[in-house]
Amino acid sequence: MSKHSITITNIQCHGTSESGHDEVYLICQSDAGLPIRIPAGINVNHPMSSGDTWAVNQTLNYDYEVLVTLWDEDLSYDPNLATYLQSIDFAAGTLGLGLGTIQLTNRNGANYSVSYNLLS
Amino acid sequence: MNNQISVELSPYAEVVQGFKKGTGKPKKVEISESKKKIFEEAVKAWKEYSTTPEGKMLEADINKSDLNGVQQKISGILDSEAFQLLKKLLEEEGLDAGSFSIGLNIEAELIIGITATIGFAIGIGDNKGLASSEFITVGLDEGIDEGALVGVQFGLWANAPSDLGGYAWATEADGGILGELAGKVVYKGEDDDDILGVTIEIAFGEEDGIDEQECYTFIIGSQSGNDDGFLKPAYQPRKSNFLIIKSVTCNNTQSDGIGNANEVYFNFQADGEGKNYYYPTYDYMSMQGGDVWHCGRSVWFNSSVQVNLFDSDSVGNDSDPIGNFTIHLSDLTLNSIKTFSSTINYSSGLDTVDYTIQVELVAINVPTK
């Protein structure tokens, strides 16, 4: 039983890493364990342009921290070709319970807000 | 037990998390006489190979190999004396299959259990002489042993070796494929009743009895250039202590001739063991002087962690080192952040390179699960 839970409620796009849209997926890794891909299916992503909101609603459990990395999937399923957008590490004891939003930017143009609900 | 192979299979296992558990594909399959003959010879060759000194050492060799070592072993098996008659059969004209494969089945427990077939496929029939390919097929399993070799698989496929990748659905064939030997019919996908191929499996221990299995095949190398490449692991088995590389601070970039920014990534290795982990696992973070990258990558370790920072140089397809950090447990205090400076000065002339990393020790003496 994990000590902490957080729900990634939604992700908002304010800017993309490339012209048009990013094909966004998340890799979520709790306590350096086996990463979870969201959306789960391979070759599945969430296309996002500036102004778009993605209702993720995924709860993640962890003991010490969970690292959420945003990726832009390019061309086909091959992470070697993916573009790193940004990441946020939710570490135990660093955030208060309840709702919050963190903005992430990258010099490649990516500008995203990650909204969460820290449950425990 | 082979921890290294489990870690290297972990990025391929990410795909199984969206898998389903059964769709009821047809289990009846008609196998042509030429295919039966190939399978019969493959089984015979395998039995002969198993009695050779090399064959007897296979399990022990696999249990201490990394992924690359397993792949080299597999492609070498077909070159052994025992398989020469099979190779002659595979070179015959008019075979009703596009490729033949040999693979080793390995089970790994990565919180979820996975079964992986690490294989090698060659073109036959109309595809004779076409590029061979190396592949990894992963599926969900009730994982039993960590990195354990559980069997060998032979396959005859409709497609060319470089075209075996993607989703497929394997269903255990009614009555087996060859006598009592377990066999599977592999369909191209959940909504596709076209048969991709048939396989037979020789289990080394008790069979695990999977009736139906969604699976995904990665073509990780082929001479035709149509490959998914090697995937890098992010999963790390637990050790006693846990730290987070909270951030990387760029005080001054390295001049690399392609703009003001450095394309930054790092790798790390705990306790001088195993292979390097990368973050970001692929790609990089662009940084200029004054930037702080809140990367947040965590690391399990016992006594020390070596972190190497690089500037990815897309022009030369090479990377320049820009930081070298050695972290000892004794340097850290629980729940406080410490800044580390590079132990190597990468500055050259007027080109001052200065990066630091900020590290927090978040847990000590953690029982390994």
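1. Salt bridges between the chains. In this predicted model, three salt bridges are found across the interface of chain B and chain A. One of them joins the side chains of B:Asp291 and A:Arg107, with an N to O distance of 2.7 Å. Polar contacts across the interface of chain B and chain A come to eleven residue pairs, with both residues at pLDDT 80 or more. On the side of chain B that touches chain A, the elements giving two or more residues are β8 (212-222), β9 (241-252), β12 (285-287), β14 (297-301) and β18 (354-363) of chain B. The residues on that side of chain B divide into 25 nonpolar, eleven polar and nine charged.

2. The network around B:Arg238. A network of salt bridges links A:Asp31, A:Asp63 and B:Arg238. The side chains of B:Arg238 and A:Asp31 meet at 3.8 Å, N to O. B:Arg238 is placed in the loop between β8 and β9 of chain B, and A:Asp31 in the loop between β2 (22-30) and β3 (36-38) of chain A, so this pair joins two chains. The side chains of A:Asp63 and B:Arg238 also form a salt bridge, at 3.6 Å, N to O. Here A:Asp63 lies in the loop between β5 (53-62) and β6 (65-72) of chain A, while B:Arg238 lies in the loop between β8 and β9 of chain B, so this pair too joins two chains.

3. Are the acidic residues A:Asp31 and A:Asp63 buried or exposed? A:Asp31 is buried, because its relative accessible area is 6%, under the 20% cut-off. A:Asp63 has a relative accessibility of 10% and also counts as buried. B:Arg238, with a relative accessible area of 24%, is partly exposed.

4. Extent of the interface. The size of an interface is often given as the accessible area lost when the parts come together. For chain B and chain A, the buried area is about 3,000 Å², and carbon and sulfur atoms give 54% of this area. B:Glu14, B:Gln17 and B:Tyr282 supply 18% of the area that chain B buries against chain A, more than any other three residues. The contact takes 45 residues from chain B and 34 residues from chain A.

5. Chain B as a whole. The secondary structure of chain B consists of six helices and 18 strands. Of the 369 residues in chain B, 55% are buried. Among contacts in chain B with a separation of 6 or more, 73% are between residues 24 or more positions apart. The accessible surface of chain B is about 15,800 Å², and 46% of this surface belongs to carbon and sulfur atoms.

6. A salt bridge within chain B. Over all chains, the count of salt bridges comes to 14. One salt bridge is formed by B:Glu360 and B:Lys246, whose closest N and O atoms are 3.5 Å apart. B:Glu360 lies in strand β18 of chain B and B:Lys246 in strand β9 of chain B, so the pair ties together parts that are 114 residues apart in sequence. B:Glu360 is buried, with a relative accessible area of 12%, and B:Lys246 counts as buried at 18% relative accessibility.

7. Helix α1 of chain B. How many of the eleven residues of helix α1 (residues 3-13) of chain B are buried? Nine are buried, and the helix is mostly covered. The buried residues of α1(B) include B:Glu8, B:Ser6, B:Ser10 and B:Tyr12.

8. The surroundings of B:Thr253. B:Thr253 is placed in the loop between β9 and β10 (262-270) of chain B. With 15% relative accessibility, B:Thr253 counts as buried. The side chain of B:Thr253 reaches the backbone oxygen of B:Asn260 at 3.3 Å. Apart from residues up to four places away in sequence, B:Thr253 touches several residues, including B:Met287, B:Gln288, B:Gly289, B:Asp351, B:Thr352 and B:Val353.

9. The surroundings of A:Gly100. A:Gly100 belongs to strand β8 (residues 98-105) of chain A. A:Gly100 is buried, with a relative accessible area of 16%. Setting aside neighbours within four places in sequence, A:Gly100 is in contact with A:Val114, A:Ser115 and A:Tyr116. A:Gly100 and A:Ile8 are 92 residues apart in sequence, and their C-alpha atoms are 9.8 Å apart in space.

Conventions:
Residues numbered from 1 in each chain as written. Chains lettered and ligands numbered in written order. Predicted model: local features only at pLDDT ≥ 70, side-chain atom pairs only at ≥ 80, totals over all residues. Heavy atoms only, no water. Contact = heavy atoms within 4.5 Å. Buried area = accessible area lost by both parts, 1.4 Å probe. Salt bridge = Lys/Arg side-chain N within 4 Å of Asp/Glu carboxyl O. Polar contact = N/O pair within 3.5 Å; in protein donor to acceptor, adjacent residues only side chain to side chain. Helix = DSSP H or I, 4+ residues; strand = E, 2+ residues; numbered from the N terminus. Nonpolar A, V, L, I, M, F, W, Y, C, P; charged D, E, K, R; others polar. Buried < 20%, exposed > 50% of the residue type's maximum accessible area, 1.4 Å probe, protein only. Areas by Shrake-Rupley, 256 points an atom, 1.4 Å probe, with all protein chains shown as cover.
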